Each structure stands twice: as C-alpha cells, then as structure tokens.
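Hi,

Here is the structure I promised to pass on to you.

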Amino acid sequence: MSAPAPANPHHRRWQQSLQRVRTRVERVPPFRASGRVVRATGMVIEAIGLQAPLGSACRIELPAPYRHEATRHAEAQVVGFAGEKLFLMPLAEITGLLPGARVFPLGEEGGNGARRFPLGEALLGRVVDGNGEPLDGRGPLDEVPRATLQTPPLNPLSRAPIEGQIDVGIRAINALLSVGRGQRMGLFAGSGVGKSVLLGMMARFTRADVIVVGLIGERGREVQDFIDNILGEEGRRRAVVVAAPADTSPLQRLQGAAYATRLAEGFRDEGRDVLLIMDSLTRYAMAQREIALAIGEPPATKGYPPSVFAKLPSLVERAGNAARGGGSITAFYTVLTEGDDQQDPIADSARAILDGHIVLSRELAEAGHYPAIDIEASISRAMTAIVDDGQLQLAQRFKRLFSRYQRNRDLISVGAYSPGHDPQLDEAVQRYPELEAFLQQHIDDSAPLAASHQGLASVLGGTR
C-alpha cells in the first residue's frame, strides 16, 4: 500500500490564512453601538444613546469637506456623565462638528477597553506626544508593544526603602540636599529663574539607566530648546521625551503626564533605575482644573476644584521604588509658584505629598547666581537616612554659617558689623565667599558625588 501524498504547502498556507480571518470575524460583535451628539459647549461635547465607561475613548463622526473624500473621525474621551448623557472631551480641536453626529466607542467588546500606548526599549531616543505618536520624524511606532495607562497601585509595605544616594551631578544638591534613589522631589520656582536649565543638567549628569521627560503645558518653543540645547545628544540617547505643550487640549496634557509616568513604570518593572522629570506639575493641575470646570464641578480653593487635589497624589505616588531588588523611579516635579508665592494651593499640596523640595530664588537668579537654589528654604526629607553622620554634620554646619550671614547681611552691608563680638558670625563672614562659590555651578560642569562631598569638607576647613 503506497504512502499518502504530502499536502500542498500553498493549500496549507491558504487554510491557515482562512482560519485567521475566521477567528477575527468571530470576534466582531454582532452589532455596532453608537450614540449621537446633542450639544457642544466650549471643550465639552454631550452625547446620548451610548453607554461607555469613564475614561474610555470614542470616535466622533465628522462630515467630509468634499463629497469625494471619506468621512472623518475625531477622537474623544469620556470625562463624565449625567443621567443618560455622556460628557466627551476631544483630544484635539474639532472643526465641522454637526448636531446629531454619530459617536462610536473604541476598543474591543463594544469599546470597554481603554486606549493603549507604545512602551518599551524602542522609545529610547524618541520624542512623542501625549497620544504616543512620534514628533521627531524618525518613523512610526506601529510594531512597538502597547499597554494601557492604568496600573494597579503598589502595596506601600512591599516598596523597597530609600537607602542609597543618587548622583544628580549638581554640587549643591549632592552635598546639602542629598536625594535618594526612588525619592520624589519638587522643584519650586517662579517663571524665568532657571528651572528648565537645572532639569537639563540633572538629565545629562544623573546616573540613571533611563530618563523619562514629561514636558507638560510648556511653550512649544521650549520643547525644541530643551531637547536640542539643554538635554543634548548625550542625554537624549537614553531618554524618552513626552511633549504635550500649552497649545494642546487639556485632556492631552493630562494624558501626557500619565503617559510619561507609565513609561517610567514600564522601565522600573524591568529592574532599571529611572529618572523621571515632569515639567510641570502645576500645568498638569491646571489641565485638570479646565476639564473639571468644563463639566460643571464647583471650584474650591482659589478656583481649583476638589478633583485636582485628588489627582495630584494619584500621579505622584506611582513613582518611587518597586519591591526590594527591583527597579526605581527617582522623580523631579517642577511646581510653578505664581508670583513666587510659596503658599499657592498647588505648591502647598505638592509640598505635602513629595519627599522634599528645592526652592529656586528669583533674587539669586537676578544676581547671576546659578543654579539659583535657596538652600535655607530647601530640604530633602530622606537625607538623614541615606548619608553618614559626618556628611550630615557638614551639611548642617554649612547651612548654619550661610544662614547666619544672611540674617546679618544688612548690618554687614551698611558697615554696622564689627568682628570680635560673635565668633560664629565672624566665621560666617570669613567663609561666605567660599560658601557662595560652592553653591554656584556652570551649566556644562558636572559635580560627581565624591567630588561634591570633598568640596564641602574643603570649604569648611576639613572639620566635621
């Protein structure tokens, strides 16, 4: 009896292709749900006839500009509901919207799935917007693994403690405001005092495996300037930049901050040490304020609705250390203090949820003192746990001498100070030029950890 003839390989491939098509067709729901637009006021679009969960994405049908062109769609997100009405906010400005336009849910199974964003190694060196779309012209990210922005919160008892100091390359911070790996710090500053330059220095000099930069609500010109002139080619190679400038919708700004944090979480889950830079947390809060006020939430503190103060900790708490032996996210969030008011509600709320704050002084910046760090007003809450007693005593002594001089500055400047009456003030006056020089650093100069500690000991005469 002869053996059966081998199957035709072309026939087998055809069967496999047919099976794949059959599987995809079986996944298609038997009907397609849709709603319709009944009202559009400002940034909010109201739709009825559709059930979609909060935070899910939808497509709004727009008429084609010309008859021969296909129907256009605009993407929007569900930001609230009231009764049978859904409140939608578009991710970009919509033109040509008509009453009764159809609204379709996105995602599988009737649109209950959240939007998915590109993550992973392929994004290093790339610049993307708040939707995960490339802005750098280096090709699409179609084949990159994707995931949603939502992640389960970490158990606070499973997080590794902050034990080791991270080298940020800034002398004043390394020596006097030591930052631990996995710490979350705030950079409090008014406009135009050098916070972006300081962030760029940390992005280039910090010893981290990956850098994730979120430029949220900044001017479009500053995005290009930060990437080319401040971050530089060296920093960009190991960085991902998420840019959602001021001219994008508030929803996209909010999404950009969440996406930058999700990227950092993805690298941390791979066991890497990540530096997350968010500029700025205030613009994130302002975007949430715009959304909340647009859907009718009442304002509370200085025009900020309560949801703003609930959003801030939910974003910040996602940074930090993973379980012991895993990766870490060391985060710096800039906080814009309007009118240099340190009691601004966003600044006050951020100060309460962060692990320390670095305050930049306009007075120092105007005097040409860079970086313009106000050492007296700044603090690192984790410093006592990550440096030895000798280093801590040196830092405290430096601050005492610097503060003593500042409190008597007016007397010294008018000639009312006479040496010999206060030994501590005499020492402060004698050492002040060296103290002031120690706090200053050129934008292109890196100050490693060991050199910063040695420099501090040298300035104070080597005594502990």
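Arg39, Glu46 and Lys85 are joined in a network of salt bridges, a salt bridge being a side-chain nitrogen of Lys or Arg within 4 Å of a carboxyl oxygen of Asp or Glu. By this rule the count is 20 salt bridges. Before the rest, a word on the source: this is a predicted model, in which local features need pLDDT of at least 70 and side-chain atom pairs count only at pLDDT 80 or more, while totals for chains, interfaces and linings use all residues. Residues are numbered from 1 along each chain as its sequence is written, and side-chain values use heavy atoms, with hydrogens and water left out.

Another salt bridge pairs Glu61 with Arg102, with 3.1 Å between the closest N and O atoms. This pair links distant parts of the chain, 41 residues apart: Glu61 sits in strand β3 (residues 57–62) and Arg102 in strand β6 (residues 102–105). Helices (H or I, at least four residues) and strands (E, at least two) are DSSP runs, numbered from the N terminus. Glu61 has a relative accessible area of 21% and is partly exposed; Arg102, at 42%, is partly exposed too. The cut-offs are under 20% relative accessible area for buried and over 50% for exposed, with partly exposed in between (1.4 Å probe, protein chains only).

Glu427 and Arg431 also form a salt bridge, at 3.1 Å from N to O. They are about one helical turn apart because four residues separate them in helix α13 (residues 423–439). Glu427 is partly exposed at 22% relative accessibility, whereas Arg431 counts as buried at 19%.

On to the packing. The largest nonpolar core has 60 residues, and those with the most contacts inside it include Ile173, Leu176 and Phe398. Such a core is a set of buried Ala, Val, Leu, Ile, Met, Phe, Trp, Tyr and Cys residues joined through side-chain atoms within 4.5 Å. Leaving aside neighbours within four places in sequence, Leu176 is in contact (heavy atoms within 4.5 Å) with residues including Ile375, Met383, Phe398 and Leu456. A second, separate core has 53 residues, among them Val274, Leu312, Ala319 and Tyr333.

Two more residues may be worth a click. Thr282, in helix α6 (residues 281–294), counts as buried because its relative accessibility is 1%. Ser458, in helix α14 (residues 449–459), counts as exposed because its relative accessibility is 55%.

Best wishes
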